[in-house]
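Please have the sequence and the structure at hand while reading.

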Amino acid sequence: MGPFKHTVDDGLDIRKAAFECMYTLLDSCLERLDIFEFLSHVETGLKDHYDIKMLTYLMLVRLSSLAPNAVLQRLDALVAPLLSTVQTKVKSNAVKQELDRKSG
């Protein structure tokens, strides 16, 4: 159907649900979590789709108050994906939604 390619991510909804469950776990049973394993999944989420990134940003904010020492210990691994997101350039032909994502 023309020269355009549209990629469909069939697993996005499942990953979103998983990261929402992770966020809920922070409130319900933090003491039972292996916080460093949890942070490794948060790090993976920082490299994922925009919606997943937003959930992981919320988790990082929450974790920085609940387990600040663990976040500080993993900070080097967390900075690189955060930096790549901040340094992303918006294309000149970007639609309004993409511009809002970058500015907001």
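How many residues does helix H1 have, and how far does H1 reach from its first C-alpha to its last? Helix H1, residues 12–28, has 17 residues and reaches 24 Å, close to the 24 Å expected at 1.5 Å a residue, where the expected span is 1.5 Å times one less than the number of residues. Helices here are DSSP runs of H or I with at least four residues, numbered from the N terminus. The model is a predicted one, in which local features need pLDDT of at least 70 and side-chain atom pairs count only at pLDDT 80 or more, while totals for chains, interfaces and linings use all residues. Residues are numbered from 1 along each chain as its sequence is written, and side-chain values use heavy atoms, with hydrogens and water left out.

**The faces of H1**

The buried residues of H1 are Leu 12, Phe 19, Met 22 and Leu 26, buried meaning under 20% relative accessible area and exposed over 50%, with partly exposed in between (1.4 Å probe, protein chains only). Seen down the axis of H1, these buried residues fall within an arc of 80°, so they line one face of the helix; the arc is that of the directions from the helix axis to the C-beta atoms. On the other side of H1, Asp 13 and Ile 14 are exposed. The buried residues of H1 pack against helix H2 (35–45) and helix H3 (50–66), and contact means heavy atoms within 4.5 Å.

**Two helix pairs**

Two packed helices are described by the angle between their axes and the distance between the axes. Axes are lines fitted to C-alpha atoms, for helices over the stretch in contact, and angles run from 0 to 180 degrees between N-to-C directions.

| Pair | Angle | Axis distance |
|---|---|---|
| H1 and H2 | about 140° | 12 Å |
| H3 and H5 (75–86) | roughly 130° | within 13 Å |

The angle makes H1 oblique to H2, given that angles under 35 degrees count as roughly parallel, over 145 as roughly antiparallel, 65 to 115 as roughly perpendicular and the rest as oblique. The contact joins Phe 19, Met 22 and Leu 26 of H1 to Phe 38, His 41, Val 42 and Gly 45 of H2.

H3 and H5 are likewise oblique to each other, and Lys 53, Tyr 57 and Leu 60 in H3 meet Leu 78, Leu 82 and Thr 85 in H5.

Thr 56 lies in helix H3 and counts as buried, because its relative accessibility is 0%. Leaving aside residues up to four places away in sequence, Thr 56 touches Phe 19, Val 42, Gly 45 and Leu 46.

Terms used:
Helices (H or I, at least four residues) and strands (E, at least two) are DSSP runs, numbered from the N terminus.
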